[in-house]
Amino acid sequence: MDSPARSTQIVDSFDFKQSMRSVVASVNVITCRYEDTHYGLTATAFCSVSADPPTVLICVNGNASACERIRLSGRFCVNVLTSGMEELAAAFAGKIAPEHRFASGRWRELESGNLMAEGCAAAFDCEVKSVMQEGSHWILVGTVRQCEYAPAPALAYANGAFGRFAASVATD
């Protein structure tokens, strides 16, 4: 039996981005403290890697103003935003100059020096375990050193719009 031909062609980046728009993701503000200054950006590329030990990963565009500081600091905090925090997400997505972003929202400093957004659904304060560059982005794997959570619906993003998760079937 002949095997089907496999394409070795890479898809166009525009088509890829349009396809990725349909993927629903949580909206997160990644923060770090480097040389006594706080930095942050909005990201949807965040996921759990392992529960033992607790490990997460983030993907950050290398052109983002905070990317180099996050890498150099050796720590980062993922703030999972809740419905109603759209303005905060927009501020850290570049709608506000980097030096004014933390004027949006309320913040609490963690033991690491990173900032946690008050009212977020969850926060994961991490120590960088490994870093690699892939294309335009840096992939940072972090060991979770502190985490907090609240019973609040996470802010979601898909198809260029914010939304929220609504359960249609109970799984308990």
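This is a predicted model: local features need pLDDT of at least 70, side-chain atom pairs count only at pLDDT 80 or more; totals for chains, interfaces and linings use all residues.
**Entry 1: salt bridges**

I began with the charged side chains. The structure holds 7 salt bridges, and I looked up some of them.

I started at Arg-33. The side chains of Arg-33 and Asp-36 form a salt bridge, with 2.7 Å between the closest N and O atoms. I then checked how open each partner is. Asp-36 has a relative accessible area of 64% and is exposed. Arg-33 has 30% relative accessibility, so I wrote it down as partly exposed.

Arg-33 also meets Glu-109 in a salt bridge, at 3.4 Å from N to O. I wanted to know where these two residues sit in the chain. Glu-109 belongs to strand E7 (residues 107-109) and Arg-33 to strand E2 (residues 28-34), so this pair ties together parts that are 76 residues apart in sequence. Glu-109 is partly exposed, at 44% relative accessibility.

Next I went to Glu-68. The side chain of Glu-68 forms a salt bridge with that of Arg-71, with an N to O distance of 2.6 Å. Both residues lie in helix H2 (residues 67-73), where they are 3 residues apart, or about one turn of the helix. Glu-68 is partly exposed, with a relative accessible area of 36%. Arg-71, at 26% relative accessibility, is partly exposed too.

I went back to see which of these residues are linked by shared partners.

**Entry 2: the largest pocket**

I then looked for open space. The largest pocket contains about 1,100 Å³. Its lining has 29 residues, and those closest to its centre are Met-20, Thr-44, Ala-45, His-137 and Tyr-157.

Which helices and strands each supply at least two residues of the lining? I found helix H1 (13-20), strand E3 (37-43), strand E5 (54-61), helix H3 (86-95) and strand E11 (155-158). H1 gives the largest share of the lining, with 4 residues.

I also sorted the lining by residue type. It has 18 nonpolar, 8 polar and 3 charged residues.

**Entry 3: a cis peptide bond**

I turned from side chains to the backbone. Is the peptide bond from Asp-52 to Pro-53 cis or trans? I noted it as cis, with omega near 0°. Pro-53 is in the loop between strand E4 (46-51) and strand E5. I had already listed strand E5 among the elements that supply residues to the lining of the largest pocket.

**Entry 4: positive phi angles**

Glu-35 lies in the loop between E2 and E3. I looked up its accessibility as well: Glu-35 is exposed, with a relative accessible area of 63%.

Asn-159 is another non-glycine residue with a positive phi, near 50°. Asn-159 is found in the loop between E11 and strand E12 (161-164).

I compared these places with my earlier entries. E2 is the strand that holds Arg-33, and E3 and E11 both supply residues to the lining of the largest pocket.

Methods
Residues are numbered from 1 along each chain as its sequence is written. Side-chain values use heavy atoms; hydrogens and water are left out. A salt bridge is a side-chain nitrogen of Lys or Arg within 4 Å of a carboxyl oxygen of Asp or Glu. Buried means under 20% relative accessible area, exposed over 50%, partly exposed in between (1.4 Å probe, protein chains only). On a 1 Å grid over the protein atoms alone, a cavity is a set of points where a 1.4 Å probe fits but cannot get out, and a pocket is an open set with protein on both sides within 12 Å along at least five of seven lines; lining residues have an atom within 4 Å of a point. Grid points are joined across faces, edges and corners, and a volume is the space filled by probe spheres set on the points. Ala, Val, Leu, Ile, Met, Phe, Trp, Tyr, Cys and Pro count as nonpolar, Asp, Glu, Lys and Arg as charged, and the others, Gly among them, as polar.
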